[in-house]
Amino acid sequence: MKVASYIKFLFVGIFFGIVLVKSEAVSWYRIYEMFRFQSIHMYGIIGTAIGSGILFLQISKRGHIKNLEGVEIYVPKKESGLFKNILGGSIFGLGWALIGACPGPMYILLGTGVFSMVIVIIASILGTFVYGLLKEKLPH
Amino acid sequence: MEFILDPWPWYISGPLITLVMALLLYFGKTFGMSSNLKTFCAIAGAGKYSDFFRFNWKDSLWNLTVVIGAIIGGYIATQFLSNASVTDLNPVTVQELSTMGFSNSGASLVPDELFSWKTVGSAKGLILLILGGFLVGFGTRYAGGCTSGHAIAGLSSLQKPSLIAVIGFFIGGLLMANFILPLLFKS
């Protein structure tokens, strides 16, 4: 890819960062509140995101809308596996509720000035690395 | 300008997140932030230890560019697009957190009780951040995605593995917020 073609991804990232800060989805407190069922806020965000996502994907499927590369828009199939999805998901959830940030907000929060997030990012890279080492030994 | 500077309502924010997913799909890519963690491993040479990290990470540079953008976006949003408004949390949440030792809930995006350098300087504070990050990084790769890849992109495309993973996210999250956090922050 040419350097110029990366600019659009930079702008998507900037937009993503702004939206997640302004929506308070990067707030540790909002995540806590969600897991305590004390507010509709995060459910509203995730719910409307999924709702409009379904709408977008159904329209593009029916309209055979193509991406920039000329291929019809599609989301690649996720690997199935009950163990990996439920166990991996639960482990992720434990961490998500503890630090209140998932792998997008981590970077965004760094940009907002939460520099101790670097520790979380390094630890999550380490977590991914350890998964890679243990992959063959884990139930999927 | 007030409507930009104030926090945005959820019914605006949700569809805007979908716009991010839609733009990436239009550019021929898939929304998935946790893949970057795997890319960082590959760049650092993790391929020497596991086949899992033996892939051409240059193909993932677009996603690292999104990461750089996200950091810049976080900076722009707090520096130029925000006012001093406090997160409008449920008063019950604020009360509950205060009994757990969290003060000024909602005044900032993250609590000092977890992220201030003073907290990080204590053994407990440091361990909690490392533990949380580790669980997120390990769990997301095990599950094959995170909030963006599974909850947004996966559920939008009606995929069953994503539904199971999101149920998992909630099992873990509910356990942490309802049972473990109260133990960790007992006053």
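In which sense, right-handed or left-handed, does H1(A) cross H4(B)? The crossing is right-handed. Keep that pair in mind as we walk through the two chains of this predicted model.

Start with chain A. It has six helices and zero strands. Read from the N terminus, its elements run α-α-α-α-α-α. The C-alpha trace spans about 40 × 40 × 35 Å along its principal axes. Chain A has 140 residues, and 56% of them count as buried. Now look at its contacts between residues at least 6 apart in sequence. Of these, 42% join residues at least 24 apart.

Chain B comes next. Here there are 10 helices and zero strands. Along the sequence, the pattern is α-α-α-α-α-α-α-α-α-α. Its C-alpha atoms fill a box of roughly 50 × 45 × 35 Å, taken along the principal axes. Of the 187 residues in chain B, 47% are buried. Among its contacts with a separation of 6 or more, 46% come from residues 24 or more positions apart.

How do the chains meet? In chain A, 100 residues are in contact with 110 residues of chain B. Six helices of chain A each supply at least two residues to the side that touches chain B: H1 (7–22), H2 (28–35), H3 (41–62), H4 (82–99), H5 (105–112) and H6 (117–134). H4(A) gives the largest share of that side, with 17 residues. By type, the residues of this side of chain A divide into 58 nonpolar, 30 polar and 12 charged.

Now zoom in on pairs of helices across the two chains. Two packed helices are described by the angle between their axes and the distance between the axes. Return to the opening pair. H1(A) and H4(B) pack at an angle of about 45°, and their axes are 6 Å apart. That angle makes H1(A) oblique to H4(B). The residues of their contact divide into 18 nonpolar, seven polar and one charged.

Next, take H4(A). It pairs with helix H10 of chain B, residues 160–184. Their axes come within 6 Å and cross at roughly 40°. H4(A) is therefore oblique to H10(B). This crossing is right-handed. The contact holds 20 nonpolar residues, eight polar and no charged.

The buried residues of H6(A) include Val120(A), Ser124(A), Gly127(A) and Tyr131(A). Met117(A), Phe129(A) and Gly132(A) are also buried. What covers the buried residues of H6(A)? The cover includes H4 and H5 of chain A. It also includes helix H3 (35–43) and helix H8 (123–143) of chain B.

That brings us to H3(B). After H3(B) comes Gly45(B). Its phi is positive, near 95°.

Note on methods:
Residues numbered from 1 in each chain as written. Chains lettered and ligands numbered in written order. Predicted model: local features only at pLDDT ≥ 70, side-chain atom pairs only at ≥ 80, totals over all residues. Contact = placed C-beta atoms within 7 Å. Helix = DSSP H or I, 4+ residues; strand = E, 2+ residues; numbered from the N terminus. Nonpolar A, V, L, I, M, F, W, Y, C, P; charged D, E, K, R; others polar. Buried ≥ 20, exposed ≤ 12 C-beta atoms within 10 Å, placed from the backbone. Axes fitted to C-alpha atoms, helices over the stretch in contact; angles between N-to-C directions. Parallel < 35°, antiparallel > 145°, perpendicular 65-115°, else oblique. Left-handed = near helix turned anticlockwise from the far one by under 90°.
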